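Welcome, and please take a moment with the sequence and the model below.

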Amino acid sequence: MDLPELLDIAEKERQTQKAVHIRCCVAAGCVAADSLILREKLQAAVIAAGMADQVKVSGVGCMRLCCRAPLVAVDDKTQPDRSLLYETVTPDQASAIVAALQPTSISKTKCEPLQRGDLTHPFFTRQRSVVLENTGVIDPERIESYIAVGGYQSLHQVLREMTPHQVIDAITRSGLRGRGGAGYPTGLKWATVAKATTKGELSVTADRKFVVCNADEGDPGAFMDRSVMESDPHRMLEGMAIAAYAIGATQGYIYIRAEYSLASRRLQLAIRQAQQLGLLGSQIFDSPFDFRIDLRTGAGAYVCGEETALMASIEGKRGTPSPRPPYPAERGLWGFPTLINNVETFANVPSIIRYGSDWFASIGTEKSKGTKVFALTGHLRNTGLIEVPMGTSLRQIVEEMGGGVPGGGTAKAVQTGGPSGGCIPASAFDTPVDYESLAQLGSAMGSGGMIAMDQQTNMVDVARYFMEFCRDESCGKCIPCRVGTVQLHQLLTKIRSGKATSTDLELLEELCDMVKHTSLCGLGQSAPNPVFSTLRHFREDYLALIQSAPSSSDSSRANHHQE
Ligand SMILES: Cc1cc2nc3c(=O)[nH]c(=O)nc-3n(C[C@H](O)[C@H](O)[C@H](O)COP(=O)(O)O)c2cc1C
Ligand code: SF4
Ligand code: FES
């Protein structure tokens with residue numbers, strides 16, 4: 001494969017385009033609402049209407065407003081301002097969508113009227129697509145579709161025009177930070193792995209490095225990484241290949257949870273297609289660079305998203321965390337230097353190479369560059385997948401994009417960062433979304449779950465829910481987390497049932513402090529965060545339950561009376 005051949009594939013694919021393009025979402029949310037049948041029916045309706053020469057039907061990735069699944073969009077090249085969105089479409093409505101393309105024809109199909117979406121709503125117009133540039137646009141199951149929008153040209157550029165050092169420099173200058181939660185500078189991590197010279201444990205291969213993509217995505221409410229993999233799998237593979245060239249690796253792994261079956265299938269297909277075209281494997285683009293990618297499936301333990309547990313799982317050991325240092329960048333898989341990045345981190349890379357570090361650094365805030373993809377869920381009118389520039393305020397996301405609470409109420413809080421994050425009150429909704437601002441409020445950017453809650457939500461319930469999650473997912477290796485999360489959950493249950501005293505509240509805070517400072521890994525260290533943040537911003541929810549509990553002297557009087 002060389003550049004002219006790549007461009008030739010792109011050109012041929014572009015020639016398959018027709019005057020009208022019907023895009024039907026075939027990501028998991030819409031597939032669950034029968035979109036695969038819908039796509040077939042749309043294709044059949046186009047043929048039945050004799051419009052196959054003018055109309056192309058494609059399956060595409062997530063079209064973002066997942067709460068109205070399944071979604072269908074219609075782009076008419078002859079009327080560029082006539083992009084239509086149809087929501088909650090049923091397979092029976094396929095012929096009505098095709099009939100609507102012919103203004104003079106009257107649909108004879110008896111079906112529910114089509115529900116039109118509003119593409120001018122802030123839910124769509126406030127988004128800025130970098131990672132999701134091709135999501136909902138290209139067919140995730142055809143490599144030609146990715147190549148037609150410039151896919152694999154960034155990989156060609158780095159292999160032909162850049163040294164590994166220049167690639168690392170470009171990522172460093174872009175200001176990209178890891179999207180897996182902690183926000184560690186990506187360029188710095190790549191530079192550390194590139195410099196590392198640790199000898200591993202496999203005697204046959206003296207000098208190796210690995211690239212690992214963390215696709216474990218276990219936070220409740222999070223589906224950003226899954227959507228990227230289902231919608232645009234080649235983007236992530238290209239980002240991994242660029243990283244491998246930069247750090248000197250020849251083998252990559254994608255660690256993906258078993259529940260993500262559609263994403264796994266699409267990634268496997270994408271890897272096969274890329275290998276067939278010589279874009280993965282040996283001598284990529286006829287250069288000396290070799291790089292293979294294999295999938296490793298996790299069994300759904302949340303802790304296996306933690307990088308040392310993840311590596312143990314790939315090595316075939318029990319997936320439990322180990323103390324750091326040594327960090328994976330120095331001593332990773334089988335003792336060799338290993339680069340671990342999140343799905344979204346890798347998915348940013350082709351765009352940074354293509355459009356430049358300065359372009360990327362011009363988006364976002366001073367310390368948080370680029371965009372962030374969020375899975376917006378909870379008590380909102382509009383929920384789904386969003387990508388916004390860093391620095392967008394929570395108010396813009398919750399009230400404008402999310403459309404506020406259904407039925408006209410106001411939101412009480414928004415939860416970010418999953419079990420290691422916290423709840424932010426409505427009074428702080430003008431906070432810009434960036435790593436530092438969310439941390440200052442006692443929450444975290446996390447990997448991108450964002451859950452809005454209405455006024456009826458009791459924040460003790462929220463804290464208890466996340467503690468239950470951590471208790472169940474604790475691997476049990478260290479006592480503070482194994483026992484502490486059980487005790488914290490019991491205390492929260494006692495508070496919620498109105499039986500707690502102010503001494504229990506003091507105990508809760510003391511125990512949270514202990515678990516945070518003495519646990520071995522991030523799971524235990526951050527498990528108390530939802531309690532800390534709800535105590536800080538919603539202490540009244542706790543006090544209301546404690547004040548309503550009978551005091552110890554009241555209950556001893558009652559017991560005495562019964563005797
Ligand atoms: C309990 C726990 C679960 C985690 N789960 C994930 C995950 O699902 N995906 C992810 O990318 N990072 C996860 N992380 C963070 C990873 O350990 C690691 O920091 C990240 O993959 C690094 O990638 P980045 O630099 O691109 O953010 C988790 C951390 C902890 C402590
Ligand atoms: S903090 Fe929890 S999850 Fe992490 S090693 Fe200890 S017991 Fe396991
Ligand atoms: S899964 Fe179809 S719109 Fe998100």
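## A strand covered on both faces

Strand β12 (residues 411-416) runs antiparallel to β14, and five bridges join the two. Within that pairing, Ala 411 has Asp 454 of β14 as its bridge partner. β14 also pairs with strand β10 (residues 371-378), here in the parallel sense and over four bridges; Thr 377 finds its bridge partner in Ile 451 of β14. Strands count as paired if DSSP finds at least two bridges between them, and the elements themselves are DSSP runs numbered from the N terminus: helices are H or I with at least four residues, strands E with at least two.

Before going further, a word on the basis: this is a predicted model, in which local features need pLDDT of at least 70 and side-chain atom pairs count only at pLDDT 80 or more, while totals for chains, interfaces and linings use all residues. Residues are numbered from 1 along each chain as its sequence is written, chains are lettered from A and ligands numbered from 1 in the order in which they are written, and side-chain values use heavy atoms, with hydrogens and water left out.

How covered is strand β14 (residues 449-454)? Six of its six residues are buried, where buried means under 20% relative accessible area, exposed over 50% and partly exposed in between, with a 1.4 Å probe and protein chains only. In a regular strand, side chains alternate between the two faces of the sheet. On one side of β14 are Gly 449, Ile 451 and Met 453, on the other Met 450, Ala 452 and Asp 454, and all are buried.

Val 211 takes part in each, with Gly 252 as its bridge partner in β7 and Leu 339 in β9.

Ile 22 stands opposite Val 74 in β3.

## Rings and charges

The structure holds 12 aromatic pairs. Rings of Phe, Tyr and Trp (its six-membered ring) pair if their centres lie within 6.5 Å; planes under 30 degrees apart count as stacked, over 60 as edge-to-face and the rest as tilted. Why is the pair of Phe 289 and Phe 291 stacked? Their ring centres are 6.1 Å apart and their planes are at 15 degrees, so the pair is stacked. Phe 289 and Phe 291 are both buried.

Tyr 302 and Phe 469 have ring centres 4.9 Å apart and planes at 70 degrees, so they form an edge-to-face pair. Tyr 302 lies in the loop between β8 (292-298) and α13 (307-314), and Phe 469 in helix α18 (residues 459-473), so the pair ties together parts that are 167 residues apart in sequence. Tyr 302 and Phe 469 are both buried. Elsewhere, ring pairs link Phe 210, Tyr 253, Trp 334 and Phe 336 into a cluster.

Charges also sit over rings, a term that asks for NZ of Lys or CZ of Arg within 6 Å of the ring centre and within 35 degrees of the ring normal. Arg 226 lies over the face of Tyr 260, at 5.9 Å from the ring centre, and Lys 372 over the face of Phe 374, at 5.5 Å.

## A covered helix

Helix α22 (residues 529-537) is mostly covered, with seven of its nine residues buried. Among them are Pro 530, Val 531, Leu 535 and His 537.
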